[in-house]
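I opened this model to look up a few local features and write down what I found. The entries follow in the order I made them.

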Amino acid sequence: MDVNGRSGEMGVFATVAQEGSLSAAARALGLTPSAVSRIIARTEQRLGTRLLLRTTRAITFTAEGEAYLRGARRILADLAEVEDAIADQGVPKGRLRVSAALVHGRMAIVPLVAAFSARYPNITVDLTLGDEVVDILGGQADVAVRFGHLPDSPLTARRIGETGQVVVASPEYLQRHGTPQEPEDLLSHNCLRFNFRRAEPNWPFVRDGNEFSLKVSGNIECSSGEALAQLARVGAGIARIGEFSVTQELQRGELVPLLESWNPGDREPIHAVFVGGSAMPARVRVFVDFLLEHHWM
């Protein structure tokens with residue numbers, strides 16, 4: 001790494017943050033710890049503020065250091081993207097950082113990534129699954145797959161699909177306990193529910209154009225839609241979960257949709273979010289196009 005100039009200083013600072021210490025950053029950069037320390041001191045002197053607080057055990061960032069780090073990562077990512085876009089020469093390549101929600105990513109995005117990698121072997125897909133919202137502008141990801149309506153931002157969003165909620169049970173459960181013919185029948189069934197705080201305690205339905213809800217009950221609660229789908233599949237009860245988590249089970253007949261005439265149709269959009277513009281790398285463009293080609297609406 002060329003440590004001269006502001007971009008070089010930013011690279012050194014970002015490496016210190018990534019490695020967690022000046023000595024570890026020095027090893028990663030092929031420099032001496034004193035050289036790294038001088039570069040940080042030079043940056044602080046130019047900016048007129050402390051960026052790092054150093055002790056014998058660890059380093060911590062000041063508020064100004066945190067702000068500088070976010071900006072440095074964004075600028076370095078932009079520089080890398082511009083250079084990669086120019087160097088692509090029509091052949092998409094390089095590292096593509098993708099962020100997706102844990103369950104949806106495992107069930108829907110991972111299979112697409114496998115197919116995408118087969119089509120574009122020169123692109124290294126760096127996939128992170130988790131429910132936290134990553135900072136794309138800060139350089140934490142190139143593309144994020146997000147659910148729900150998005151707030152206004154300078155990012156570009158492409159709608160790649162949508163999902164809703166569906167009430168399901170296994171054929172074995174229905175054979176043992178009967179099939180509910182209307183929502184109120186659920187009151188006599190074992191209903192599998194979410195246990196996290198923001199989960200809606202009642203299940204919504206619609207009749208004659210009017211929405212209403214029922215407070216269902218059951219002996220199993222869980223934080224994972226994937227786990228609730230599995231419990232419903234083995235006959236533990238009736239669940240109301242996201243369509244994307246039971247698509248294959250419904251197609252195979254392992255689960256049966258229930259009370260569709262009363263489904264309120266509460267759809268949730270799915271977007272691919274990224275930094276657009278003329279400098280967008282080819283690897284980002286082809287990945288978003290691939291999602292549009294293979295995802296569902």
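Entry 1. The model is predicted. I began with what covers the buried residues of α7, and the list includes the strands β7 (165-169), β8 (191-194), β11 (221-222) and β12 (238-242).

Entry 2. I then looked up which residues of α7 (residues 225-233) are buried: Gly225, Leu228, Ala229 and Ala232. Seen down the axis of α7, these buried residues fall within an arc of 100 degrees, so they line one face of the helix.

Entry 3. I checked both ends of α7. At its start, a side-chain oxygen of Ser224 comes to within 3.2 Å of the backbone nitrogen of Glu226. Just after α7, Gly235 has a positive phi of about 90 degrees.

Entry 4. I turned to the second largest pocket, whose volume is about 410 Å³. It is lined by 18 residues, and those closest to its centre are Arg73, Ala77, Arg95, Arg97 and Gly139. Two or more lining residues come from each of α4 (63-88), β3 (94-100) and β4 (123-129). The largest share, 6 residues, is from α4. By class I recorded 6 nonpolar, 4 polar and 8 charged residues in the lining.

Entry 5. Is Arg283 buried or exposed? Arg283 counts as buried because its relative accessibility is 4%, under the 20% cut-off. Arg283 sits in helix α9 (residues 282-294). Its side chain reaches the backbone oxygen of Arg95 at 2.8 Å; Arg95 is among the residues closest to the centre of the second largest pocket.

How values were computed
Residues numbered from 1 in each chain as written. Predicted model: local features only at pLDDT ≥ 70, side-chain atom pairs only at ≥ 80, totals over all residues. Heavy atoms only, no water. Helix = DSSP H or I, 4+ residues; strand = E, 2+ residues; numbered from the N terminus. Buried < 20%, exposed > 50% of the residue type's maximum accessible area, 1.4 Å probe, protein only. Polar contact = N/O pair within 3.5 Å; in protein donor to acceptor, adjacent residues only side chain to side chain. Arc of directions from axis to C-beta. Contact = heavy atoms within 4.5 Å. 1 Å grid on protein atoms, 1.4 Å probe; cavity = no way out; pocket = protein on both sides within 12 Å on 5 of 7 lines; lining within 4 Å. Points joined across faces, edges and corners; volume = space filled by probe spheres on them. Nonpolar A, V, L, I, M, F, W, Y, C, P; charged D, E, K, R; others polar.
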